Amino acid sequence: MSRLRRWTLAALLGLAAVSVGAVAGPPVADQPEGLRQFDSKAQEQRYWDLLGQLRCLVCQNESLAASQADLAEDLRDEVYTQMVDKGKDNEAIIDYLVDRYGQFVLYQPPFEPLTYLLWTGPFLLLIIGFTVLAVVVRQRRRAAADDGLSDDERARVAELLETESDKDKGA
Amino acid sequence: MRAKLWIPLAVFAAIVALLGVGLTMDPERVPSPLIGKPVPDFQLPTVGDPERTVGPADFKGRVFLLNVWASWCISCRHEHPVLVQAARNHDLTIVGLDYKDKRADALDWLEQRGDPYVVSAFDAKGKTGIDLGVYGVPETFVVDADGIIRHKFIGALSRDKLRQEVLPLVKKLRGSS
């Protein structure tokens, strides 16, 4: 039994190795990423903050900081080179990436005509929602206040209710 | 009062329509900001001969396809026969950009599967790939006679796509220049 299990495990591992080999990407960058040197702690912080705001285009729900995709590695190299070696500011680096990959690389797109609706949409929906709510509540309240009875009828209802509650007290 | 009953239905229909359109869009097809702009200039050694260099300027005056490929790229295996056939049967200039590849592997690939390219540039580091905004090989740019990128296809070109989209576009661009 345990032998069979061992064989199964070996087969699975072999399969895993083959499939990993099949999807292996191109060769990786020259310098291991862990060995990157920064001028200061603040610069390193800026580097990671910036990467956190940028989208990896290969795995779109990951930032450039988090992604293990090959392209993300290359772009981290590029951001590092531009920031540390060339001393560029964040804006210049963002422009560089947007020029090539479009605004899709930005997790926080700029506020401009194309994105007005994107930015204001949720607030517009909120306003519409509250307006509808207010209208409905007001209508309900008016409907509740207006019970369609004449003054005589109302007096009679009050009278009946009173005798009813008197009975309750007596009981 | 009657009209009021239709409002929720109308809102619902609008949302369904919006979501429906959203479903037909592929989030992996990110529109390229390079459309309508000149091909980023590069000078790269060719795959066949490291001594020789090639760049987009060499093709000025011609409508061409710039196809980004690599021997390690799985989808390229599906696309490659389509390109080989297209180069053989149609009057097409296909320039290759071999992205982050090993030269020996690339040469093997071209030898075994045929070479549809007039020339392939060898982008070992992927730097030109970044300049072109490449994020998923294969990608194909359609470049007009003035060196302006007119369209970008992301992913493998199929025979249908070639026939229905690429060839008509190339024809149109040739006609206008």
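Visitor: What makes the span of helix 1 of chain B close to the one expected at 1.5 Å a residue?

Guide: A word first: this is a predicted model. Helix 1 of chain B has 23 residues, and from its first C-alpha to its last it reaches 34 Å.

Visitor: Is helix 1 of chain B buried or in the open, and how do you know?

Guide: The number of buried residues among its 23 is zero, so helix 1 of chain B lies largely in the open.

Visitor: Let's go to chain A. How do you know whether the length of helix 4 of chain A agrees with what it should span?

Guide: Helix 4 of chain A covers residues 90-101, and its twelve residues should span 16 Å at 1.5 Å a residue; the end C-alpha atoms are 16 Å apart, which agrees. Next comes Gly102(A), with a positive phi near 85 degrees.

Visitor: What makes you say that the buried residues line one face of helix 4 of chain A?

Guide: The buried residues are Ile93(A), Leu97(A), Arg100(A) and Tyr101(A). Looking down the axis of helix 4 of chain A, these buried residues fall within an arc of 80 degrees, so they line one face. In general, an α-helix has 3.6 residues a turn, so residues three or four places apart point the same way. On the other side of helix 4 of chain A, Glu91(A), Ala92(A) and Asp95(A) are exposed.

Visitor: What covers the buried residues of helix 4 of chain A?

Guide: The cover includes helix 2 (41-52) and helix 3 (70-85) of chain A, along with helix 4 (127-131) of chain B.

Visitor: How many residues of the two chains are in contact?

Guide: A contact requires C-beta atoms within 7 Å; 14 residues of chain A and 15 residues of chain B take part. On the side of chain A that touches chain B, helix 3 and helix 4 of chain A each supply at least two residues. Helix 4 of chain A gives the most, with four residues.

Visitor: Why are strand 5 and strand 7 of chain B said to stand at the edges of the sheet?

Guide: Five strands of chain B form an open sheet in the order 5-4-3-6-7, with mixed pairing. Strand 5 (119-123) and strand 7 (149-154) each have a single partner strand, so one side of each is left without a neighbour in the sheet.

Visitor: How many bridges join strand 6 of chain B to strand 7 of chain B?

Guide: Five bridges join these antiparallel strands, and two strands pair if there are at least two, so strand 6 and strand 7 of chain B count as paired. Across the pair, Phe141(B) has Lys152(B) as its bridge partner, and Thr140(B) stands opposite Phe153(B). Their hairpin has five residues between the strands, and Gly147(B) there takes a positive phi near 80 degrees.

Terms used. Residues numbered from 1 in each chain as written. Chains lettered and ligands numbered in written order. Predicted model: local features only at pLDDT ≥ 70, side-chain atom pairs only at ≥ 80, totals over all residues. Expected span 1.5 Å × (residues − 1). Buried ≥ 20, exposed ≤ 12 C-beta atoms within 10 Å, placed from the backbone. Arc of directions from axis to C-beta.
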